[in-house]
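I opened the model to look up a few local features. My notes follow the order in which I checked them.

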Amino acid sequence: MKQNNLAIFIFSLFLFPLSLFAEDGSRLWLRYEPLPSVQMEKYKYLIYIAKDEKSATLDIAANELSVAWEGFSGKRLSLASLQNGAVVIGTSKSKNIKALLPKEELEALKGESFLIRSVKKGGNNYTVIASAKEVGTLYGVFHFIRLVQMDEGFGHLDIKEAPKYAIRILNHWDNLDRTVERGYAGHSLWKWEELPNTLSPRYKEYARANASIGINATVLNNVNASPEILTENYLVKVKALADVFRPYGIKVYLAVNFSSPKEIGGLSDSDPLNPEVAKWWKNKVKEVYSLIPDFGGFLVKANSEGLPGPQDYGRTHADGANILADALNPYGGVVMWRAFVYSTGDEDRAKQAYLEFVPLDGQFRDNVIIQIKNGPVDFQPREPFSPLFGALNKTPEMVEFQITQEYLGFSNHLVYLAPLFKETLDSDTYSNGSGSTVAKITDGTLRPDKLTAISAVANIGEDANWCGHHFAQANWYAFGRLAWNHQLSAERIADEWIRMTFSRNNEFVDPVKSMMLTSRETVVDYMMPLGIHHVFAFGHHYGPEPWCDVPGARPDWLPKYYHKADSTGLGFNRTSTGSNAVSQYFSPLNGIYNDISRCPENLLLWFHHVPWDYKMKDGKTMWDNLCYKYDSGVRQIREYQKIWDRIEPYIDARRFGEVQSKLKIQAHDAVWWKDACLLYFQTFSKRPVPYDIERPVYELEDLKKIKLDMNHHN
Ligand code: GCW
């Protein structure tokens, strides 16, 4: 072996395991791979970081910039005083910043909003990143790093960004035993047994990733909350996490069990009107704030799916929320009270949250916000928006999305959720006339002077790649970006994410982006097209079971409750001749949904029981449409497999292989869904599956025997 060959050989021995390690997905969108030197040439005016304030958050910002630069160019940026070539970071109090930006502009900067500007002064070039708050500057730095990777605007930057929502919060459904309800990425990140003394390095990484997309709050524990979380034993652990998250601008919230006063406080009940109970909450909250002075507040699931709540004592949700709100109020804490309630009564489940909460409008304290799932049932692949949005005038409302894919193939299916999130946010409720979108109701545009927040159930766990599927990271990313600015397009967000997470090569970016952008509609097609919903396997919700019957189960946990297939047709009649759920929507939507000829076809079977031979807009029958939709879902997945195989040259072998394997599962599952639903519904429709689509490959009876071993309740 020649000497230099030997050197290369030895060198590659070091490199090989390194690159394998590096591409396990753990670096998320924060990989900071080398940028082409022609591009880096543009940044020759960027040599130093100037920072003249003492602050843990600004230290993080400076370090992030320097680490990013090292990745992009091989050179770290050094800290220096104000001089030519400096990125100047700081708050509006910084002397450096004051020297470079007009006073009025600095005074106008509010909260977490930031400004990024290329400034030329005295022949010197500066890049200024400033905010009123340190965390705003950190967001500005992350934004700048993103712009560099998108190759946008350097040298003439003039950007002002402000978040649309004040609270941008993740909800972890993490239990204290480290299982995660509806989690598909391993155990909980929070290692309760070793807290507070041992701090996993991942806590910081988690905070950093959230800060990079503007997420500023987190609920650590499951809404099916154990009262234990409020014991002193756990609160010191929570404090340890809060201390790690604080410099990244992340506030900690807890989900609390409404029976805590009784369960851990030794009181005889948890009646919100019992003065002892009020006192208990006041003292508990005081204890929490003595440990965590910037504690965010409580999230509460009450009188829902068997959890305790104020109704156990004949009180209302407002009574329940207010008792907590009063305890939190002196410290600026917030109550997020969930509207996800439905009882076993006769009323259509889709109507119940509205019926429960509309009469209470005006009765909640100012620091209560009602947290509403995007749709009226439960995180289905497609639902109309919940009619509760816009129906409360005096009470702030926030959306709860689900990033974890409980009803979307767990971490096996590639589904990019930004189009789903945007579909809800852009939906016009007509509550205050046309243009009253869910976004405008919740972001303060149409409800000024009210709390604003947006939440999503996290998909994060202990897995090396955080989310179970490499592409599920995009949904965490997309939630953060939309919480910051819901006007961003799903395409823009996908573009950023792909370039930072995988490759900037357009041969990769374009096909992968098109796959992501269509993936949500694809999953709707092979699972539940035309407004069908909840035809999932009982309990775990993975895979189809439209036939499912569990003796003694709640009717509204069974698919038949929702699809109502019979010899005449398919779908839930929610019109004025049925459950009249349409009446909960404002005009003209109520009329549109009520009228089969005007109801959007993608929600047809949500609102109507439709005859099998009903003629759809394309002239084909409803039954044929259903068949073509399922078939199209399957064909799309096949396309994704081809797209993915073609991009192999552009990315690392490990992530390529892992995604390829998951697509195989998805392709298999899509066929399973198609056959299960079509063969089952065919027993009612008695019509042939159109002859130009792929024939079923399974026997219905065999599919009915599939029982997956996944332990979950409903
Ligand atoms: O439908 C359900 C989920 C439950 C979840 C509940 C909720 C946390 O299947 O797992 O419980 O929604 O949102 O409260």
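In which loop is Pro-196 found? I placed Pro-196 in the loop between strand E7 (167-171) and helix H7 (201-212). I took helices (H or I, at least four residues) and strands (E, at least two) as DSSP runs, numbered from the N terminus. The model is predicted, so I noted that local features need pLDDT of at least 70 and side-chain atom pairs count only at pLDDT 80 or more, while totals for chains, interfaces and linings use all residues. Residues are numbered from 1 along each chain as its sequence is written, and side-chain values use heavy atoms, with hydrogens and water left out.

Cis peptides. I read the bond from Leu-195 to Pro-196 as cis, with omega near 5°. Another cis bond joins Ser-587 and Pro-588, with omega about 5°. I located Pro-588 in the loop between strand E15 (569-570) and helix H19 (589-594).

Positive phi. I found Leu-530 in the loop between helix H17 (506-527) and helix H18 (559-563). Leu-530 is not a glycine, yet its phi is near 60°. I also found His-541 in the loop between H17 and H18, with a positive phi of about 70°. For burial I used relative accessible area (buried under 20%, exposed over 50%, partly exposed in between; 1.4 Å probe, protein chains only). Leu-530 counts as buried because its relative accessibility is 5%. His-541 is buried because its relative accessible area is 3%.

Helix H11. I noted 12 residues, 317-328, and a reach of 17 Å from first C-alpha to last, close to the 16 Å expected; the expected span is 1.5 Å times one less than the number of residues. Of the 12 residues, 10 are buried, including His-317, Asn-322 and Leu-328. The buried residues of H11 pack against several elements, among them strand E9 (251-256), helix H10 (275-291) and helix H12 (352-357); contact means heavy atoms within 4.5 Å. At the N-terminal end of H11, Thr-316 is the cap, with a side-chain oxygen 3.2 Å from the backbone nitrogen of Ala-318.

Technical notes: A polar contact is a pair of N or O atoms within 3.5 Å; within protein, one must be able to donate a hydrogen and the other to accept it, and residues adjacent in sequence count only if both atoms are side-chain atoms.
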